[in-house]
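Hello,

Here is the structure I promised to pass on. Please open it beside this email and follow along.

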Amino acid sequence: MDENRMLSRKTVLRAAFAAGVAAPVALVGGPALARTTFAGGQVAEPTPACHDGDDPTPDQTEGPYFKPNSPERTVLVEPGTQGTRLTVTGYVFGLACQPISRALLDFWQADVNGAYDNVGFTFRGHQYTNSLGEFTLSTIVPGLYPGRTRHIHVKVQAPGRPILTTQLYFPNEPRNNTDTIFDPRLLMTVRDAPSGGKEAAFDFVLNVPQSPTSTPPPGGTTWTAGTAYAAGARVTYRGIGYVCLQGHTAQPGWEPPNAPALWQVG
Ligand SMILES: [Fe+2]
């Protein structure tokens with residue numbers, strides 16, 4: 001197995017952050033998190049990497065505060081909501097590291113004082129990934145409550161697949177060392193947002209089989225898995241032209257829209 005094949009989809013994405021390579025606007029999606037500006041030195045512990053066939057995101061206890069029937073929304077804050085604003089963005093992937101569209105994400109968390117709303121639906125909401133497998137959550141940094149470190153609960157489900165129930169964590173939290181539920185594989189990358197508040201990123205990897213040899217999509221595609229592309233090479237993918245940024249051998253999961261470190265619209 002050559003080195004290219006050892007590179008995971010997420011490694012490619014992370015390399016794009018570190019190198020400051022501009023991702024296609026359509027891929028970036030959400031307005032708040034500039035994935036391209038994550039500097040290497042500022043990235044916290046890596047989130048679980050997707051290695052083409054293993055490492056699905058680990059599950060975690062649901063805890064006592066889940067409520068079904070949350071409203072569909074991506075914004076859990078209102079103008080007067082107390083707390084440090086937090087935007088969480090990321091992708092939902094399957095086992096072959098290809099994004100999953102229309103995946104359900106149901107988030108719930110404590111308020112700034114560490115309390116859950118068990119009567120209404122404050123800080124509860126569900127949403128679906130877009131056609132690129134992306135999600136964006138606008139919320140606050142949850143407060144602490146006795147016995148736990150800081151965390152956000154989430155259920156993630158690909159269409160027609162089992163539900164993954166898990167939790168997301170914040171780096172550099174003192175209680176991460178003493179919380180027996182805490183799992184470092186579920187750490188988000190978090191940084192200060194330029195406009196105030198925090199920006200976090202996390203990519204889920206669901207235990208969903210995906211064909212590693214997907215057929216070329218229609219719409220004018222010259223990009224071909226298995227081809228060695230040199231920097232500067234030009235291809236078309238679904239009718240959009242791309243320029244190769246660094247030499248590599250193409251493989252499924254590294255289609256130009258999915259690999260901003262390798263391909264730029266142009
Ligand atoms: Fe909790």
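Below are some notes on its cores, strands and sheets.

First, the ground rules. This is a predicted model, in which local features need pLDDT of at least 70 and side-chain atom pairs count only at pLDDT 80 or more, while totals for chains, interfaces and linings use all residues. Residues are numbered from 1 along each chain as its sequence is written.

**Cores**

A nonpolar core here is a set of buried Ala, Val, Leu, Ile, Met, Phe, Trp, Tyr and Cys residues joined through C-beta atoms within 7 Å. Buried means that 20 or more other C-beta atoms lie within 10 Å of the residue's own, with C-beta atoms placed from the backbone. In soluble globular proteins, nonpolar side chains tend to be buried together.

The largest core has 35 residues. Val 92, Phe 93, Val 156, Met 188 and Leu 206 touch the most other members. Several strands (DSSP runs of E, at least two residues, numbered from the N terminus) give two or more residues to this core, including β1 (85-93), β5 (151-157) and β8 (198-201). The largest share, 5 residues, comes from β1. There is also a second, separate core of 12 residues, and among them are Tyr 237, Cys 244, Ala 250 and Trp 254.

**Around β8**

Look at β8 next. Both of its faces are covered. Lys 198 and Ala 200 are buried on one side, Glu 199 and Ala 201 on the other. β1 runs parallel to β8, with 4 bridges joining them. β7 (residues 189-192) runs antiparallel to β8, also with 4 bridges. Which residue in β8 is the bridge partner of Thr 89? Ala 201 is. Thr 189 has Ala 201 as its bridge partner in β8 too. β7 and β8 form a hairpin with 5 residues between them. In that turn, Gly 196 has a positive phi of about 100°.

**Two open sheets**

Strands pair if DSSP finds at least two bridges between them. β5 and β6 are joined by 6 bridges, and His 153 stands opposite Gln 167 in β6.

The other open sheet has 3 strands, ordered β11-β12-β14, and its pairing is antiparallel. β11 (234-237) and β14 (263-265) are the edge strands. 4 bridges join β11 to β12 (residues 240-244). Arg 234 has Val 243 as its bridge partner in β12.

Best wishes
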